[in-house]
Amino acid sequence: MSSPQNPWTETGLPVGTEPQASGPPAAGENPAWSGWDVLSIAFLTVVSIIVFLFLITYAGQRLLYPRVPVVEVAKFPLVTLVAQLLAYVLVMAFMVTLVERNRGRRFWQAIGWNWPGNWPVYVLAGFILSIGLQGLAHVLPMPKDLPIDRFFQTPSEAWALSVFGMTLAPFFEEFFFRGFLYPVLARRLGVVLAVTITAASFGLIHAPQLGRAWGPVLVVFMVGLALTITRAVTKSVAAGVVMHVAYNGTISVLLFLASDGFRHLEKLSQ
């Protein structure tokens with residue numbers, strides 16, 4: 001006499017029933033790091049910029065500008081730029097270490113790099129976004145002089161800022177805002193609030209360079225909004241990097257053309 005068949009699987013579910021995956025849905029955000037990790041990255045960024053600014057200023061004053069007061073040397077655009085560059089390299093190394101050593105994940109996979117096969121589309125999107133927001137900027141109240149304008153006093157400073165803005169800066173900002181910050185906020189608050197807060201944070205972090213004037217800050221907020229929506233929809237940090245590079249590159253090219261190859265920077269203020 002055959003024994004009756006067991007209608008239950010070893011998982012405790014009826015035969016023919018697939019186990020349901022636990023945790024958030026596949027389309028959700030589930031980063032390997034916490035909000036405290038994101039805060040530690042932000043804290044390290046601020047501290048490292050200050051420390052490198054002090055070190056570069058001190059070295060520059062002692063070696064290159066012995067007759068210039070330290071306070072004035074610290075205001076030199078190239079000094080600020082070098083300090084920021086070194087800080088970004090340090091913090092990016094910390095990001096990789098945080099993910100790969102402390103969380104046991106591959107960095108590129110964990111942040112959702114996901115290189116888009118249709119990357120020219122995002123180049124075009126960055127170009128259109130830049131042209132569109134430049135048009136918007138002409139109808140918004142914009143201060144005549146902004147702190148960032150001091151980077152366009154000499155050709156070398158203009159070149160340095162342009163190269164920095166098309167290389168390291170977009171990578172660092174996309175890694176932090178769209179790679180680390182956004183998924184933590186999306187997991188806790190949902191996509192809509194996460195997109196809004198990430199874009200607002202992106203705008204506020206640029207506010208000191210823009211004189212804290214609401215017009216230019218609003219423009220940068222809208223850039224952050226477009227980049228964060230791109231990240232939310234595509235699940236790709238790389239798509240945002242391409243778009244960000246194209247956005248900054250378009251502005252740099254326009255400034256380059258308007259100043260005759262950065263040779264007549266006075267035209268930018270006309």
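Two rings of Phe, Tyr or Trp count as an aromatic pair if their centres lie within 6.5 Å, with the six-membered ring used for Trp. The legends below apply this to a predicted model.

**View 1. Aromatic pairs across the whole structure.** A search of the whole structure finds 19 aromatic pairs. One of them joins Y88 and F172, whose ring centres are 3.9 Å apart. Their planes make an angle of 10°, and the pair is stacked. Y88 sits in helix α3 and F172 in helix α7. The pair thus links distant parts of the chain, 84 residues apart. Both Y88 and F172 are buried.

View 2. The ring centres of W108 and W113 are 5.0 Å apart. Their planes meet at 70°, so the pair is edge-to-face; the cut-off for that class is over 60 degrees. Are the two residues buried or exposed? W108 has a relative accessible area of 44% and is partly exposed. W113, at 16%, is buried. Ring pairs link W108 and W113 into a cluster with W33, F107, W115, F171, F175 and F180.

**View 3. Helix α1 from end to end.** Helix α1 covers residues 35-63, which makes 29 residues. At 1.5 Å a residue, the helix should span 42 Å. Its end C-alpha atoms are 42 Å apart, so expectation and model agree. The buried residues of α1 are D37, V38, I41, T45, S48, T57, G60 and Q61. These pack against α2 (70-73), α3 (77-100) and α7 (168-189).

**View 4. A nonpolar patch on the surface.** The patch is formed by F43, V47, V51, F54, L55 and Y58. Together they have about 610 Å² of accessible area. L55 lies in helix α1. Its relative accessibility is 45%, so L55 counts as partly exposed.

**View 5. The surroundings of R105.** R105 is placed in the loop between α3 and α4 (107-110). With 34% relative accessibility, R105 counts as partly exposed. Which residues does R105 contact, leaving aside neighbours within four places in sequence? They are A32, V99, E100 and A110. A32 is 73 residues from R105 along the chain, yet their C-alpha atoms are separated by 7.8 Å.

**View 6. The protein chain as a whole.** The secondary structure comes to 10 helices and 0 strands. Of the 270 residues, 39% count as buried. Among contacts between residues at least 6 apart in sequence, 74% join residues at least 24 apart. The chain exposes about 15,500 Å², and carbon and sulfur atoms supply 67% of that area.

Terms used
Residues are numbered from 1 along each chain as its sequence is written. This is a predicted model: local features need pLDDT of at least 70, side-chain atom pairs count only at pLDDT 80 or more; totals for chains, interfaces and linings use all residues. Side-chain values use heavy atoms; hydrogens and water are left out. Helices (H or I, at least four residues) and strands (E, at least two) are DSSP runs, numbered from the N terminus. The expected span of a helix is 1.5 Å times one less than its number of residues. Buried means under 20% relative accessible area, exposed over 50%, partly exposed in between (1.4 Å probe, protein chains only). Contact means heavy atoms within 4.5 Å. Patches are made of residues with over 30% relative accessible area and no salt bridge: like charges are joined within 9 Å, nonpolar side chains (Val, Leu, Ile, Met, Phe, Trp, Tyr) within 5 Å. Accessible areas come from the Shrake-Rupley method with a 1.4 Å probe; for residues, only the protein chains shown count as cover. A salt bridge is a side-chain nitrogen of Lys or Arg within 4 Å of a carboxyl oxygen of Asp or Glu. Rings of Phe, Tyr and Trp (its six-membered ring) pair if their centres lie within 6.5 Å; planes under 30 degrees apart count as stacked, over 60 as edge-to-face and the rest as tilted.
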